[in-house]
Number of protein chains: 2
Amino acid sequence: MKNVTIKDVANIVGVSYSTVSRALSGSPEISEETRARIVEVCRQMNYTPNTVARAMVKKNTMLLGLILTDINNPFMSELAYYVDRQAHEHGYNILLSNSSKDKDQEREIFELMVGHQVDGIILCPCGPESSEALTQLTKRVPTVFFGENLREIPESYISVDNFRGGEMGTEYLYGLGHRNILYFGKRRNSTTHQLRADGYENACKKLGITPHYFNNTFNSTSIQNGYLMAKQLFSEKPEFTAIFASTDTNALGIMKAAEEAGIRIPEDISLLGFDNIRDASLPRIDLTTIEQPMKLLSSVAMDCLFQKIQNEQSGYSHRILYPNLVERSSCRKID
Amino acid sequence: MKNVTIKDVANIVGVSYSTVSRALSGSPEISEETRARIVEVCRQMNYTPNTVARAMVKKNTMLLGLILTDINNPFMSELAYYVDRQAHEHGYNILLSNSSKDKDQEREIFELMVGHQVDGIILCPCGPESSEALTQLTKRVPTVFFGENLREIPESYISVDNFRGGEMGTEYLYGLGHRNILYFGKRRNSTTHQLRADGYENACKKLGITPHYFNNTFNSTSIQNGYLMAKQLFSEKPEFTAIFASTDTNALGIMKAAEEAGIRIPEDISLLGFDNIRDASLPRIDLTTIEQPMKLLSSVAMDCLFQKIQNEQSGYSHRILYPNLVERSSCRKID
DNA sequence: CTTCTTCCCGCAATCGTTTGCGTAAAAACA
DNA sequence: TGTTTTTACGCAAACGATTGCGGGAAGAAG
């Protein structure tokens, strides 16, 4: 199990180990002849440079931290996928972990990662207040926040325009003829959802219809919870013709409850989601939704992070990207 | 950005830095009084030990590599979730990457990870032949393979009993009255799928029905590819009453094609999947399937890995777990 | 008062690299 | 041939921790 080191190959070749180091790093001060010999011996002994030792002197580990709330969320795993790809293109590896939406875990993981000397961190915050404890930590390593519009935080973040998405969805349903639109999902405890709801409300005002909310204080976006709440919703006589769900996972739960209640989508009620997770495009699901352009978002996030890593003192920047409406079959025109 | 080191706190406290190290690691040779002073100063300067430096001398990085084919596959993201959790419970962090089912990338990632001196690796192999290049690499770091029954490889692996799963599904459909069952999915190029198909064939033989295959040479399990192949299948007049899909993702594609072809599931055709990915439990999908017990599988894999990490020379072991049938609504009884 | 323990703590080597500096040998120049 | 420049490589000091060993001071034992 003992790994072969630079000294081992130096001994075999009969040069000093600094020569080996220089030969491998492509220094011009090494003759092509000895370089060839060194490279050959390295291959034979299959020497792999010890990145850890290198990191000690070079001051960079080529490691990027990615802190998710939950890798099982398809939204997050898509992010992980793109981040991983782009990291590797730049020679970085990613250190991944899940906070499970727990602030303490989030902080712990962050500290662990700075302990591992990661060169940068992409963090999907548990909530808007997570900043309090993190605000000092982010000073110790280049960080970009992902997915939350945290305007108060003096740190870079990337996010979709949730407010505009809320408006956009409402306008779309209005255009389809809906005048009685229910907004389904939590409003507090997360800037993201607050903004989506605000966008909805603002659009309602502009369009001259009255906003209706359900599930205002709810604090989980899982399918199961969406289902439970929707069940309760459908047990009361619903007055509306369309539901605007604050997340696709919630919409999935609504779909399940609707099915059980004998409510057809879109015939009886139109359903609009938000996020465009992969599941939304599944057969039979086919959910119309407001898309977060994940590929673009993650690409922008990585660019932002790499910039921070290079010019250490670049301050921060906020990038808010435009959402798209993805039309499928869960909403219908009414008159 | 300069991190505070053990020497910095030693200077402040007025002791040697070895004393600080011992105080922090809980050595009994340090008086409680100086330890308290040291701890306090560490807190004030918020010192975080440099894991990289520690790794150099302690010979372990507390890093575990996890090589997936694709984190976007819900099956894989579930694995990642459990692995991450258990790793953290043992004080490890995970280094994640995707091979995209490409052998060269797989090898590259593996090498990168040994460069980073990970203490162990969990690898979801691209295919059964991936062993050729990896067989040397696995000697350099404790490794366990996940998800493939690679009986020829002298390395530990964890997998569900794919053969038994193939049998189980076939028997289930037979029990429902089906005599004309089509096996849908690739057979070659992957031991996993070969075994599933073999299980199907074996059960057919035992039950006295003739096996039928579709899509034998196909080499991708994505929804889209399942859809395309199923489209072709349905354009010919199908003779069977049930389809046993080799993966849930394939089943999802079949579902989509069936919908378009006006074929109802389960009224016209019963559909059985394999894996029990999260999507299978979605409303409207509700796919009956053979489950891989992911939580258990990953737990066993981690235990196995930790064992190998401890007694370096423990050889290998193969753990094949029993699959479960998860009954939902995509299969119906016929007569 | 001397000697031996015991208790704390410091010195210095080590882990595997990178890199500034110094210096022989070879090449170029006078 | 003597001097300078270039080429090619070695020496040794970092990087930030851990840890075996040695030793001074205080207290106990003689």
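How much area is buried between chain B and chain A, and what share do carbon and sulfur atoms give?

## The interface of chains A and B

This is a predicted model. About 5,300 Å² is buried between chain B and chain A. Carbon and sulfur atoms give 53% of that area. Chain B puts 55 residues into the contact, and chain A puts in 55 residues. Zero salt bridges are found across this interface.

## Helices α5 and α12 of chain A

Within chain A, helix α5 covers residues 74-89 and helix α12 covers residues 294-310. Their axes come within 9 Å and cross at roughly 45°. An angle from 65 to 115 degrees would count as roughly perpendicular, and one under 35 as roughly parallel. α5(A) and α12(A) are therefore oblique to each other. Their crossing is right-handed.

On the α5(A) side, the contact residues include Phe75(A), Leu79(A), Tyr82(A) and Arg85(A). Among their counterparts in α12(A) are Lys295(A), Met302(A) and Phe306(A). By class, the contact of α5(A) with α12(A) holds eight nonpolar, three polar and three charged residues.

## Helices α10 and α11 of chain B

In chain B, helix α10 (residues 223-235) meets helix α11 (residues 248-261). The two axes come within 7 Å and cross at roughly 45°. That makes α10(B) and α11(B) oblique to each other. The crossing is right-handed.

α10(B) contributes Ile223(B), Gly226(B), Tyr227(B), Ala230(B), Lys231(B) and Phe234(B). From α11(B) come residues including Leu252(B), Ile254(B), Lys256(B) and Glu260(B). The contact of α10(B) with α11(B) has nine nonpolar, four polar and three charged residues.

Key. Residues numbered from 1 in each chain as written. Chains lettered and ligands numbered in written order. Predicted model: local features only at pLDDT ≥ 70, side-chain atom pairs only at ≥ 80, totals over all residues. Heavy atoms only, no water. Axes fitted to C-alpha atoms, helices over the stretch in contact; angles between N-to-C directions. Helix = DSSP H or I, 4+ residues; strand = E, 2+ residues; numbered from the N terminus. Parallel < 35°, antiparallel > 145°, perpendicular 65-115°, else oblique. Left-handed = near helix turned anticlockwise from the far one by under 90°. Contact = heavy atoms within 4.5 Å. Nonpolar A, V, L, I, M, F, W, Y, C, P; charged D, E, K, R; others polar. Buried area = accessible area lost by both parts, 1.4 Å probe. Salt bridge = Lys/Arg side-chain N within 4 Å of Asp/Glu carboxyl O.
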